[in-house]
Amino acid sequence: MLIRKAPDLRYSEITPKSLYLRRREFLQTAAGAAIGAAAAAAASPFAATVAAQQKGQGTGHGTKLANVKKSPLSTTGEKVTPFDDITSYNNFYEFGPYKEDPKENAWRLKPRPWTIQIDGFVEKKGTFGFDEFTQPYALEERVYRMRCVEAWSMVIPWVGIPLKDIIATYKPTSQAKYVEFVTAFNPAQMPGQSTRMLPWPYVEGLRLDEAMNPLAILAVGLYEETLPNQDGAPIRLVVPWKYGFKGVKSIARIRFVDYQPKNTWQVMTPNEYGFFANVNPNVDHPRWSQASERRIGEFLRRKTLPFNGYADQVASLYAGMDPKKLY
Amino acid sequence: MKPIVLLKRIIFAAALIPAAALVADAVRGELTANPIEYITHTTGDWAIRFLVITLAVTPIRRLTGWNPIIKLRRMLGLFSFFYATLHFLTWFVLDWFFDFRQMAADVAKRPFITLGMATFVMLLALAATSTQGSVRRMGRRWTQLHRLIYVAAVTALFHFWLARKTVVPQFQVVLVAAVLLLAFRAWWTLRTRTRAHAGASIAH
């Protein structure tokens, strides 16, 4: 009885792929037609943006952000990764395990209305609407390198708010030693959460002094536009000296705690992922080397830098600690 | 034309579609933001799929009694080798760009690369001895050597499992199919042995 199932499984494996390839061709044709129509109408790029938003896609260009000031903390002298690459090649398992899944599925996420819950050892507890949460601060553009634990990297022009300013607003008490960030849990909007690929919701954490480092930001935008869903709308963590998985997306809760939070990948595979996850070319992942990386858009690998090139700003946080333990 | 000849031609053409689709993607600049990773995953996926499909030929033959289907087996196995070769060359040329020192270190140090390399070497041995001439020259040793396909299936699965950060759906499908096919093979071998024994005792 069991044996008869084998051919079924085999063909079910093949068919979706070929359908998938044909679907891509169809989309390609459709996109071509759309571009042709747009060109014929001499439409501005802005018109396309509005059209995408009206369809409720939320995975293309966002709305333009006003009054974004450039930050002296931005990384300079690096070629910035194109918008299309930053928004089509994502690890966001809430929308599927493959890199192209988030762009395809993230339209389901509704980034507004959005609330962020603040609790734990903090004076100003409560649940705050997105606007109330972000409005007190000036938005800054921060161009940062992003190094994924999978040994690829990008240079991303984030728009965000220094995390230390946000933390100051809510006034953690002396008992607060760590900050825990939790992604929204909503399987209807994030279909990956219906699977058991990872324990949900996604959790990440920082030591309080790491969170207070001037480089740490909560990003709300990309390329001076609101953050596309697949990049973690409406608000996400960016800590450029750590591997990308520390950058928890679509944050719904921030807790100030007195213990080291159990971040999701550490729970999932404790021998491969730790809490600190500082970029370190000298400590290999158990299954691959971290000595080099492929910058998206470049052919040859380049050398990975300690703390992803931000050692001057952050190395002092780890004085006296064994760097081998900071993976 | 005999049905099997027609079927063989159709499958031959169909088996080239994934490679053609990759070329088409490349021409249109649609290999994702990380083309090398995309090519690596796509060719690896198809190598292991064809390996599993190859394992299915004999069970289908035994279950249906349609013997001509065996004429597909070599071609399907060679397609697994074809995609495995593209997979290997992507790693060798595009990923590491002939950085022999780093590649040698990876093969020695990293179990998932070691398993991938071992699988490729096995498939290479099978492909090299896949001709009619080899079958004739090697006789019984040919059958023994070609049992390596079962070992290659297991090492390929481990390689796939270790290459990903978490269990992805594609892996589950290939795993279930391979386990069922290997189980069928084991069951069949056991059954024929038992029958042979039974037959022997009757003769006595």
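Helices (H or I, at least four residues) and strands (E, at least two) are DSSP runs, numbered from the N terminus. The model is predicted; local features need pLDDT of at least 70, side-chain atom pairs count only at pLDDT 80 or more, and totals for chains, interfaces and linings use all residues. Residues are numbered from 1 along each chain as its sequence is written, while chains are lettered from A and ligands numbered from 1 in the order in which they are written.

Chain A holds nine helices and 13 strands. Its 327 residues are 39% buried, where a buried residue has 20 or more other C-beta atoms within 10 Å of its own, an exposed one has 12 or fewer, and a partly exposed one lies in between, with C-beta atoms placed from the backbone. Two residues are in contact if their C-beta atoms, placed from the backbone, lie within 7 Å. Of the contacts in chain A with a separation of 6 or more, 71% link residues 24 or more positions apart.

An open sheet of chain A has five strands in the order 3-2-11-6-7. Its pairing is mixed. Two strands count as paired if DSSP finds at least two bridges between them. Strand 3 and strand 7 (203-207) of chain A stand at the edges. Each has a single partner strand, so one side of each lacks a neighbour in the sheet. On average, neighbouring strands of this sheet are turned by 20° against each other, direction ignored.

Strand 2 (residues 115-120) of chain A pairs with two strands of this sheet, as follows. With strand 3 (residues 126-129) of chain A, the pairing is antiparallel and spans four bridges. There, A:Ile116 has A:Phe128 as its bridge partner. A hairpin of five residues connects strand 2 to strand 3 of chain A. With strand 11 (residues 251-257) of chain A, strand 2 runs parallel, again over four bridges. A:Ile118 stands opposite A:Ile254 of strand 11. A:Asp119 stands opposite A:Arg255, also in strand 11 of chain A.

Chain B contains two helix pairs described here. Axes are lines fitted to C-alpha atoms, for helices over the stretch in contact, and angles run from 0 to 180 degrees between N-to-C directions. Helix 6 (residues 111-128) and helix 9 (residues 148-163) of chain B pack at about 150°, with their axes 8 Å apart. This makes helix 6 of chain B roughly antiparallel to helix 9 of chain B. Angles under 35 degrees count as roughly parallel, over 145 as roughly antiparallel, 65 to 115 as roughly perpendicular and the rest as oblique. The crossing is left-handed; that is, the near helix is turned anticlockwise from the far one by less than a right angle, and clockwise would be right-handed. Contributors from helix 6 of chain B include B:Phe112, B:Leu115 and B:Met122. Those from helix 9 of chain B include B:Ile149, B:Phe158 and B:Leu162. This contact has 16 nonpolar, four polar and no charged residues. Ala, Val, Leu, Ile, Met, Phe, Trp, Tyr, Cys and Pro count as nonpolar, Asp, Glu, Lys and Arg as charged, and the others, Gly among them, as polar.

In the second pair, the axes of helix 3 (residues 35-64) and helix 4 (residues 73-95) of chain B come within 8 Å and cross at roughly 160°. Helix 3 of chain B is thus roughly antiparallel to helix 4 of chain B. Their crossing is left-handed. The contact comprises 15 nonpolar, eight polar and two charged residues.

The contact between the chains takes 27 residues from chain A and 28 residues from chain B. On the side of chain A, helix 1 (5-40) and helix 3 (83-88) each supply at least two residues. Helix 1 of chain A gives the largest share, nine residues.
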